[in-house]
Amino acid sequence: MIPKKYTNLFIIAIIAIIVIWGIGAYNRFINLNEKVNSMWAQIDVQLQRRYDLIPNLVQSVQGVAGQEQTVFGDLADARSKYSGANTANDRVTASNQIESALSRLLVIVENYPTLQSSQAFRDLMTQLEGTENRVAVARKDYNDSVQVINASVRRFPSNIIAWMASVHKRVYLETPETQKTTPVVDFSNLAPQE
Amino acid sequence: MRFYFFTVAALFIVVITMMFLSVHSAQAYKSPGKPTGYVNDFAEVLSSDKHIAIEKELSNFEKATTNEISVVTIPTLDESPIEDYTNVLFREWGIGKEDKNNGILFLIAVDDHIMRIEVGYGLEGNVTDIATKHLQDDIARPAFRNGDYAGGIIGVVSGLVHLVEPEYVVTSMPSSAMSSQTVQGERGGIDIFNILFIVIWIISLGVPLFAGIIKKGAQSKAWWHGGIAGGILGIIFIVIWSAWIALLISIGTGLIIDFILSILYEKNIRFKKWIDALNTRRGGSGGGMFFLGGSGLSGGSSRSSFGGFGGGSSGGGGSSGSW
């Protein structure tokens, strides 16, 4: 096929191609990993935004529905857990707690029509929905970025490069179903197959 | 030699199949299509003059301030949640400049009676969720309830424009009091000049080049010349239609065709004579025409077709409404 004198050249060319591909794959992994990290950080940003909204929400509801002490207590509890959480897992657990307490609060709010007719309260709800949507989008972006990197990390031959770059499989974020009274749909329940 | 041909052909088939498999993902979202301008009236609720007026206003706004506001009407969401749909569409079209993320999307699902204003990362400070909610509740809702989609959209767009740039003066859109102030606007879309320039460009570049390659390809036993011809064809496809898959198909087809031509050349004397006689010395003049055609192409496209949005993104900010 190839004249004998070109054999060495041919072999060098093949090796060069492999090395170039390897370097490209290595850098890609570094980038993908950083992307996952930044998507994770973005979730935190949005969770913080929601965290900051809660006192206003509680205050406006308390004025009207002051006797619903259990829910307010749970919400305050979950909130302080969130601010005290240090590891990623703790924060995920705490934010799930906040969500469940919030949804219970919103169910209660349905029973107080005076709240619904208050423009200030409606504005607060708009802000809350906006924040919930941002959290959901951030979670989805995070899961999408995990999907991209996991596909390459596990596939051959890129898994060799991944091992060399110390880039490992990342963990998907599973979020619980949250019921909201107002039409905000939680589309963060993407549980991709492993 | 035939063996190598088959392995290469098989390789291309495998690669193409893999590409299709990796790209395909099960999405409930169905794209409404490519944007034809800042206003995309897929539900066809706007009269032509209103459409043109709003389009002109948003186009001028973008030219003056780089912010990209887009209005999209669709008949129905088909059960898809509006937040999901709007965010995906926002990112698919890339509304807003890539570095500033200064885009806004106003989506109206006409038959579902739901709407949403989604705000890009960069504008979330000026255009708050509450502000967008008020625009929808106070301006769009009453207008849409009366079937006055144009009035509602114009009101919301004016509101958005003022939120983003309080000093900006709306010039092209009629105020809600008056109606038919017909404005001569530029409609987006490919028109005859665009097509003409592309054709001239392809001919001037392609013909002498192809003649030379076909001649060389048939004459030589090696069939990688066909790959080059296919590669050039593929690049043209990419430039016009962003079809990377076509590049692979073109290279593969080019290789196969060259292989066939090589065999023909060897076996058929008449074919050989015809190929040898092909005049390939007009390559230089072809090169000269290329530049002319190329500059004509860029002139033609900037005049009339909608170039698309700037690649910006949204983080889910904004609000939804209904009527």
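**Two helices in contact**

Mentor: In this predicted model, Ala131(B), Leu135(B), Ile139(B), Ala140(B), Ala143(B) and Phe144(B) in H4(B) meet Tyr149(B), Gly151(B), Gly152(B), Gly155(B), Val156(B), Gly159(B), Leu160(B) and Leu163(B) in H5(B). Contact requires C-beta atoms, placed from the backbone, within 7 Å; helices (H or I, at least four residues) and strands (E, at least two) are DSSP runs, numbered from the N terminus.

Trainee: How many residues of the contact of H4(B) with H5(B) are nonpolar, polar and charged?

Mentor: Ala, Val, Leu, Ile, Met, Phe, Trp, Tyr, Cys and Pro count as nonpolar, Asp, Glu, Lys and Arg as charged, and the others, including Gly, as polar. Here 10 are nonpolar, 4 polar and none charged.

Trainee: At what angle do H4(B) and H5(B) pack?

Mentor: Axes are lines fitted to C-alpha atoms, for helices over the stretch in contact, with angles from 0 to 180 degrees between N-to-C directions. H4(B) and H5(B) (residues 149-164) pack at about 160°, their axes 8 Å apart. H4(B) is therefore roughly antiparallel to H5(B), a term for angles over 145 degrees.

Trainee: How many residues form the contact between chain A and chain B?

Mentor: Chain B supplies 13 residues and chain A 14 residues. On the side of chain B, S5(B) gives the most, with 6 residues.

Trainee: What conventions apply?

Mentor: Residues are numbered from 1 along each chain as its sequence is written, while chains are lettered from A and ligands numbered from 1 in written order.

Trainee: What is the mean pLDDT of chain B?

Mentor: The mean is 73, and 51% of the residues of chain B reach 70 or more.

How values were computed
This is a predicted model: local features need pLDDT of at least 70, side-chain atom pairs count only at pLDDT 80 or more; totals for chains, interfaces and linings use all residues. Angles under 35 degrees count as roughly parallel, over 145 as roughly antiparallel, 65 to 115 as roughly perpendicular and the rest as oblique. pLDDT is the predictor's confidence in each residue, from 0 to 100.
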